[in-house]
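Please read them beside the sequence and the coordinates.

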Amino acid sequence: MAATRLDITHASAGNRQTMTFSFWCKISSLVNPINSSYYFPVFHMNVGADYTLLYFNDGANRFGVLDSNGTSVTTNRQFRDVNAWYAITVAIDTTQATASDRIKIYVNGVQETSLLTSTYPAQNANMSWNNNNLNSIGQHSSATDYYYIGLLSHVHFIDGIQYQASDFGEYDANGVWKIKTNVSVTYGNNGFFILKDGNSVTDQSGNSNNWTVGGGTLTNTEDCPSNVFPTINPLTYSTTKWNLEYGNLRTNGLASGE
């Protein structure tokens, strides 16, 4: 999804205190090739001084949740396997009395309890996401240098319920976390399910909350959590030799003599 952004503007705001994000991702680069100090946003909403950001930070490659309400929750875990699909669930409920229950991050079915930052929202605080403004996936809605570099699949958003990772995935007989093919969740008014093993932004939840491609080109690479492809290691990346495309599945621009 490098330089690709998906957009939606909801007709009305949903529940801004309780929500769940669940998605599979495969990171294609550990460094932003445009500016190495920039982050990789997965979900982003920004209007005026208000913002919500679910992102990977550049260099350290940790995953975090930021919000203009003061939230900053970041994993100590570093996401540096560029050949693996990660399943990430972010479960939010700011009405919880215990601060650490207000934002939970799960990776491949396991809750992350070792955190680099753990500033949780105040009880009953509103998140900026799920407002009736522009919500984006894959790129900062106003800064073109900030974009997610990688693949996304099985992207769910739940409006009004804090679910767990086990509602979206399960372990197989070999102890490997896999997608639940029949997810039983209540999506709520603004909830959606897109990018189901392909590049369709048509909502599969039944809500008709369809997204649009707001920038770039959304490519169907065929590489997905249920059909994992071997990919070229970006650590060997050299702009003088080749460019990597389609989630590191293809190279182009070979220099003379290479």
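**Notes on cavities, sheet, cores and salt bridges**

1. The residues that line the second largest cavity divide into 4 nonpolar, 3 polar and 1 charged, where Ala, Val, Leu, Ile, Met, Phe, Trp, Tyr, Cys and Pro count as nonpolar, Asp, Glu, Lys and Arg as charged, and the others, Gly among them, as polar. This lining consists of Ser22, Trp24, His154, His156, Phe168, Ile179, Lys180 and Val183, and the elements that give two or more residues to it are β2 and β12 (150-159).

2. The model is predicted, so local features need pLDDT of at least 70 and side-chain atom pairs count only at pLDDT 80 or more, whereas totals for chains, interfaces and linings use all residues. Residues are numbered from 1 along each chain as its sequence is written, and side-chain values use heavy atoms, with hydrogens and water left out.

3. Searching the whole structure gives 2 cavities of 30 Å³ or more, a cavity being a set of points on a 1 Å grid over the protein atoms alone where a 1.4 Å probe fits but cannot get out, with lining residues having an atom within 4 Å of a point. Grid points are joined across faces, edges and corners, and a volume is the space filled by probe spheres set on the points. Among the residues lining the largest cavity are Phe23, Trp24, Ile88 and Trp177; its lining has 7 nonpolar, 4 polar and no charged residues.

4. An open sheet is formed by 6 strands in the order β9-β8-β7-β2-β12-β15, with antiparallel pairing; strands (E, at least two residues) are DSSP runs numbered from the N terminus, and two strands pair if DSSP finds at least two bridges between them. β9 (110-111) and β15 (192-194) stand at the edges with a single partner strand each, so one side of each is left without a neighbour in the sheet.

5. Strand β5 (residues 62-67) is largely enclosed by the rest of the structure, because 5 of its 6 residues are buried, that is, under 20% relative accessible area, with exposed meaning over 50% and partly exposed in between (1.4 Å probe, protein chains only). β5 pairs in the antiparallel sense with β4 (residues 50-56) over 5 bridges, and 4 bridges join β5 to the antiparallel β6 (residues 72-78). In the hairpin of β5 and β6, Gly70 takes a positive phi near 105°.

6. The largest nonpolar core has 40 residues, and those with the most contacts inside it are Phe43, Phe56, Phe63 and Val90; such a core is a set of buried Ala, Val, Leu, Ile, Met, Phe, Trp, Tyr and Cys residues joined through side-chain atoms within 4.5 Å. β2 gives the largest share of this core, 5 residues, while a second, separate core of 9 residues includes Trp24, Trp85, Leu151 and Ile179.

7. How many salt bridges does a search of the whole structure find? There are 3, taking a salt bridge as a side-chain nitrogen of Lys or Arg within 4 Å of a carboxyl oxygen of Asp or Glu. Glu112 and Arg77 meet at 3.0 Å, N to O; Glu112 lies in the loop between β9 and β10 (115-119) and Arg77 in strand β6, so the pair ties together parts that are 35 residues apart in sequence. Glu112 is buried at 10% relative accessible area, whereas Arg77 is partly exposed at 32%.

Methods: On a 1 Å grid over the protein atoms alone, a cavity is a set of points where a 1.4 Å probe fits but cannot get out, and a pocket is an open set with protein on both sides within 12 Å along at least five of seven lines; lining residues have an atom within 4 Å of a point.
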